[in-house]
Amino acid sequence: MKLIKVIILTLSLFIVSNSTLCYGAIYDKDEYNEICKVLQENNIVDEIKPRNTYINRKECIKGVMRVIGTTDEVANEWSNVSFYEPIFSDMAEEDNGYVIFAGVHRIALGIPEVIAVVSNNKYYANNFKPKNSAKVKDCVAFIMRCIEERENAEDCDKLFSDAEKMGLISKNDSFYNDKYLYAYAYYNMLYRMLNEQRYYYVKE
């Protein structure tokens, strides 16, 4: 089993030609194409989607985990791990290795939902909701939990504020006030994450 090790690492990116292009409106066309090209050439995303396509939570965490070095092989190993209790109530381990791995290391956190009330006591399920559209704040939170170890990992508003201070997101971004995560915002934040030092990095 490959383990997650705590180190500081910045990846060097190598850009080559003849990659799939994508077109967006955040930067000029050439700059946006370069962002998409870098993500594909470094195997961060499997395909480039139209810029106004919603990104779901499962896809969002997959890209973030790939930036910190998680490969399909590592994810597949976590798909075969059996837990006494599931990491997320609404997801089996099979075919969900990226999410499970992220959940174990609290990069991805669940969404508690009340499933029963007995004698005024509430019982919760910890769901990930993988097919739900990710929010911009979800993506920022996933990324920030990789960049720094922090006690306030559940406070998405604080994570968003910290991300703004370090330049991961800016009020000048066209997606700054968006609730849900479109592909063009997702690709830009992954690209910025590539150029940050990471607290977590998956290494053999």
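**Working through the model**

Modeller: Gly103 is buried, with a relative accessible area of 12%; buried means under 20% relative accessible area, exposed over 50%, partly exposed in between, using a 1.4 Å probe and protein chains only. This is a predicted model, where local features need pLDDT of at least 70, side-chain atom pairs count only at pLDDT 80 or more, and totals for chains, interfaces and linings use all residues. Residues are numbered from 1 along each chain as its sequence is written, and side-chain values use heavy atoms, with hydrogens and water left out.

Biologist: Which helix does Gly103 lie in?
Modeller: Gly103 belongs to helix α4, residues 97–104. Helices (H or I, at least four residues) and strands (E, at least two) are DSSP runs, numbered from the N terminus.

Biologist: And what is Gly103 in contact with, leaving aside its neighbours within four places in sequence?
Modeller: Ile87, Phe88 and Ala108. Contact means heavy atoms within 4.5 Å. As for Phe128, 25 residues from Gly103 along the chain, the two C-alpha atoms are separated by 9.1 Å.

Biologist: Back to α4. At what angle do the axes of α2 and α4 cross?
Modeller: Roughly 70°, and the axes of α4 and α2 (residues 57–67) come within 9 Å. Axes are lines fitted to C-alpha atoms, for helices over the stretch in contact, and angles run from 0 to 180 degrees between N-to-C directions.
Modeller: So α2 is roughly perpendicular to α4, a label for angles of 65 to 115 degrees; under 35 is roughly parallel, over 145 roughly antiparallel and the rest oblique.

Biologist: Which residues in α2 meet α4?
Modeller: Lys58, Ile61, Lys62, Met65 and Arg66 in α2 meet Tyr98, Val99, Phe101 and Ala102 in α4. By class, that contact of α2 with α4 has six nonpolar, no polar and three charged residues. Ala, Val, Leu, Ile, Met, Phe, Trp, Tyr, Cys and Pro count as nonpolar, Asp, Glu, Lys and Arg as charged, and the others, Gly among them, as polar.

Biologist: New topic: where is Asn43 found?
Modeller: In the loop between α1 (29–41) and α2. Asn43 has phi near 55°, a positive value in a residue other than glycine. Asn43 is partly exposed, at 44% relative accessibility.

Biologist: What about Lys129, where is its place?
Modeller: Lys129 sits in the loop between β3 (121–127) and α5 (136–147). Lys129 has a positive phi of about 55° although it is not a glycine, and its relative accessible area of 23% makes Lys129 partly exposed.

Biologist: Last one: how many helices and strands are there in the protein?
Modeller: Seven helices and four strands. Buried residues make up 43% of the 204 residues.
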